[in-house]
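Please look over the sequence and the structure below before reading on. The briefing then goes through them topic by topic.

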Amino acid sequence: QVQLVESGGGLVQPGGSLSLSCAASGSIFSIYAMGWYRQAPGKQRELVASITSSGIATYADAVKGRFTVSRDNAKNTVYLQMNSLKREDTAVYYCNVDGTERTVLGQRYRRTFWGQGTEVTVSS
């Protein structure tokens, strides 16, 4: 069983900052990439940022220059530093992991994993 623990969501004023974290644990064997998606009410889920095991980061156009994604491989943790937040950033943010799960029998499978989501509200 793989567990993703997300933290850092909350209420922040426009122009403020917030930092999210997501730690993977359990039967995870290796991680190829980690990232963040978000979904606002009435909209589909979209990629916010991702980072590969080698440190290559990708950002959505809407957050470039404002958000920074990073990772700590030793802790299987990915972070998202969000600066200059806008009301349009309000959404539920989901952690996503592209990795390999190890079963009880020792088998390994390439899978994607999702966190339960953490709410980010940008409002005055």
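A disulfide is a pair of cysteine sulfur atoms within 2.5 Å. In this predicted model, Cys22 and Cys95 form such a link, with an S to S distance of 2.1 Å.

**The disulfide**

- A search of the whole structure finds one disulfide.
- Cys22 lies in strand β3 and Cys95 in strand β9, so the link ties together parts that are 73 residues apart in sequence.
- The angle about the S-S bond is -85 degrees, and the link of Cys22 and Cys95 is left-handed.
- Cys22 and Cys95 are both buried.

**Strand pairing around β3**

- Strand β3 runs antiparallel to β1, and six bridges join them.
- Within β3, Ser25 is the residue that stands opposite Gln3.
- Strand β3 also pairs with β8 in the antiparallel sense, over six bridges.
- Here Leu18 stands opposite Met82, which belongs to β8.

**The largest nonpolar core**

- The largest nonpolar core has 30 residues, and Trp36, Leu80, Met82 and Tyr93 touch the most other members.
- Eight stretches are listed as giving two or more residues to this core, among them β1 (2-7), β3 (18-26), β4 (28-39) and β9 (91-102).
- Leaving aside neighbours within four places in sequence, Tyr93 is in contact with residues including Leu20, Trp36, Val48, Phe67, Leu80, Met82 and Val120.
- The contacts of Tyr93 also include Glu6, Arg38 and Thr118.

**Aromatic rings and charges**

- The structure holds one aromatic pair.
- The rings of Tyr37 and Trp114 have their centres 5.0 Å apart and their planes at 65 degrees; planes over 60 degrees apart count as edge-to-face, so this pair is edge-to-face.
- Tyr37 lies in strand β4 and Trp114 in strand β10 (residues 108-114), so the pair ties together parts that are 77 residues apart in sequence.
- Arg45 lies over the face of Trp114, 4.8 Å from the ring centre.
- Another ring, that of Phe29, has the charged end of Arg108 over it, 3.9 Å from its centre.

- Asp89 is found in the loop between β8 and β9, while Gln39 lies in strand β4.
- Is Asp89 buried or exposed? Its relative accessibility is 1%, and buried means under 20%, so Asp89 counts as buried.
- Gln39 has 28% relative accessibility and counts as partly exposed.
- Not counting residues up to four places away in sequence, Asp89 touches Arg38, Arg66, Phe67, Val120 and Val122.
- Which residues is Gln39 in contact with, leaving aside its neighbours within four places in sequence? They are Gln44, Arg45, Ala91, Val92 and Tyr94.
- Gln39 and Ser21 are 18 residues apart in sequence, and their C-alpha atoms are 17 Å apart in space.

Note on methods
Residues numbered from 1 in each chain as written. Predicted model: local features only at pLDDT ≥ 70, side-chain atom pairs only at ≥ 80, totals over all residues. Heavy atoms only, no water. Core = buried A, V, L, I, M, F, W, Y, C linked by side-chain atoms within 4.5 Å. Buried < 20%, exposed > 50% of the residue type's maximum accessible area, 1.4 Å probe, protein only. Helix = DSSP H or I, 4+ residues; strand = E, 2+ residues; numbered from the N terminus. Contact = heavy atoms within 4.5 Å. Phe/Tyr/Trp six-rings, centres within 6.5 Å; stacked < 30°, edge-to-face > 60°. Lys NZ or Arg CZ within 6 Å of the ring centre and 35° of its normal. Pairing = 2+ DSSP bridges.
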